[in-house]
Amino acid sequence: MGCGVAHKLIESHLVEGEAVPGTVIGLRVDQTLTQDATGTLVMQELEALGLDRTRAEVSVQYVDHNLLQADEKNAEDHAFLHSAARRYGLWYSKPGNGVSHPTHMQRFGVPGKTLAGSDSHTCAAGSLGMLAIGVGGLEVAMAVAGRPLHLRMPEVWGVRLTGALPPWTSAKDVILEMLRRHGVKGGLNRIVEYHGPGVATLTAMDRHVIANMGAELGATTTVFPADRAVREFLRAEDREEDFTELLADDGARYDVTEEIDLSAVEPLIARPSSPGDVVPVREAAGTEVDQVVIGSSANPGLRDYAVAAAMVKGRQTDSAVSFDVNPSSRQILSDLTRIGATLDLVAAGARIHQAGCLGCIGMGQAPAPGRNSLRTFPRNFPGRSGTEEDAVWLCSPETAAAAALTGVITDPRDLAAELGLEYPRLEPPARASVNTAMLVPPLPPEEARRVELVKGPNISALPDFPPLPDRIEAPVLLKVGDNVSTDEISPAGARALPYRSNVPRLADFTFTRIDPDYPRRARETAGDSGHLVVGGDNYGQGSSREHAAITPRYLGLRAVVAKSFARIHWQNLANFGILALEFTDPADHDRIGAGDVLVLEGLTERLTAGDEVCARDAATGEEYRLRHRLSPDQARAVLAGGRIPLLARELE
């Protein structure tokens, strides 16, 4: 049987287990990626582990999320990250250099390599034929320390592409089509591998768009072949020597199959407030728009900005629309300026912001309450924009530019017909504006050992959590429905994220999008009993940020009982000693109410000798059958109160 790209990548890095779906495997990690919203915890974890120096081939710390400096907190974290990168032998990408995913692709991505990143969109590097997996920060810290990455072997979902995209559609519409078909859970426990003749019609950066939002499908990662398009990309980045061809064998077999005819793809848009609520743009046409934002790791390429610039050239955007442009990297901004497109955008009314994530993570560009904001971003979870009552839509640059000009959601094909527009045919520069001046290389080991970590007053120590008791009798403090995101558990945005290195203070924001009184009530139960949370399907979807596990645990959360969990958050819960349990009968979710007191007994034996746990209602005696999916190693970590103390002993 022929092998696909995903199986080749896994087999070449497999150090533990067998590549059988559902079994635990260990993979050698070649590269690591951290960014500032998650990286401060990773660096604190490296300190707690007593690491001397990264043992990965390449480790890079990016500063791309928290760039607004309204006070001293973000600047403090940047100084800490700079010192930690120098201490532990990491590259350091300075603020304003660019969003981690496209910048890593430009400067460090290598076909055939593995990448573990403390950002859920790390999967974007699959565009180069890498096995790139977003994980919690502790997994990245372990990879930096030379440990394998452990995960359950996913199924491989082969998506065959045929044809070519028609005018006024682009790669964003391809991934929106996948989300339209399958929703935010469609890729759970799967690797998406794109193959077929249509792949050759997509540039490497087009593939980045599709691979990036595999995270929104819930996929473990996404892979593309390393072919001629990847070689051309690396040549333009002055790195052709890093190219290695990696193709699927003829007749490669996949666990799950799918086919998309690119020529049949139409402009699509995700409605507020889920990336999975996708409809044709024409179905939403005429809806008034107040804001249009182009950028983010979901549309980071030169063509994504240039096509919008070509559409608005010589025109003025609608008077009611704020037209914002977030360059994904300073290199992209340089190239955009070199081809004259920056001036076209500015002349049309665009506001050009610094290179970084910014609006995507709620750091600036917050929209007015209830007013529609069209964004080329990957996520539109409630409140993620920084506005509580937001209305964020996700779309392609073509659809975004059409709305900027008309003031309403507009199918770009209809705008083209009305204005007599030809679809822009763009020729990117043969050589990119490569400038590595804002990438700080690692120090030599002897110098690195002398570096002291710089910690401002906003950087707290990692909490020391006690072991899981054998018996828990605790109230259900909060009951939530399906698809609760990590943005709702530990919010993003300019109010909360500056405290990402200060766990006690960040805890004040926990679950406040759902229940503003949760932190106070949690603190009242944080003694011996602690408390429980009951969730629905896909609990913890979205960001990889560990804060969504650490701050509830700090407030006394002992266990989460849900219908199902998102992959990264489930792992983060285990890493910090929170017991994640699933209903054997999902209908039991409806039988438990907030305020009910549940009793879980004999946990040590049940976690080590099987997968079943019984919960009993302390008042009625009613019982609920639950199961855990912890490996023996994960069960040991949960019982110990988390993985860090165990790892520190192992690395001594």
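## Second largest cavity

In this predicted model, the second largest cavity holds about 190 Å³ of space. Its lining is made up of 20 residues, and those closest to the centre are His65, Asp119, His121, Ile361 and Arg384. By class, the lining of this cavity comprises five nonpolar, eleven polar and four charged residues.

## Largest cavity and cavity count

The largest cavity has a volume of about 230 Å³. Around it stand 22 lining residues, with Ala215, Gly218, Gly542, Ala566 and Ile568 nearest the centre. Helix α20 makes the greatest contribution to this lining, giving three residues. The lining of the largest cavity divides into nine nonpolar, nine polar and four charged residues.

In total, the model contains six cavities of 30 Å³ or more.

## Largest pocket

Among the contributing elements, α8 provides the largest share of the lining, with six residues. The lining of the largest pocket consists of 23 nonpolar, seven polar and twelve charged residues.

## Second largest pocket

About 570 Å³ of space lies in the second largest pocket. Its lining counts 31 residues, and Leu151, Arg152, Trp570, Gln571 and Gln634 lie nearest the centre. Two or more lining residues come from each of β2 (24–27), α5 (137–144), β8 (149–152), α20 (567–575) and α22 (632–640).

The lining of the second largest pocket has twelve nonpolar, nine polar and ten charged residues.

## Helix α22

Which residues of α22 are buried? They are Gln634, Ala635, Ala637, Val638 and Leu639. Of these buried residues, Gln634 is also one of those nearest the centre of the second largest pocket. In an α-helix there are 3.6 residues a turn, so residues three or four places apart point the same way.

Directly after α22, glycine 641 adopts a positive phi of about 95°.

Note on methods. Residues numbered from 1 in each chain as written. Predicted model: local features only at pLDDT ≥ 70, side-chain atom pairs only at ≥ 80, totals over all residues. Heavy atoms only, no water. Helix = DSSP H or I, 4+ residues; strand = E, 2+ residues; numbered from the N terminus. Nonpolar A, V, L, I, M, F, W, Y, C, P; charged D, E, K, R; others polar. 1 Å grid on protein atoms, 1.4 Å probe; cavity = no way out; pocket = protein on both sides within 12 Å on 5 of 7 lines; lining within 4 Å. Points joined across faces, edges and corners; volume = space filled by probe spheres on them. Buried < 20%, exposed > 50% of the residue type's maximum accessible area, 1.4 Å probe, protein only.
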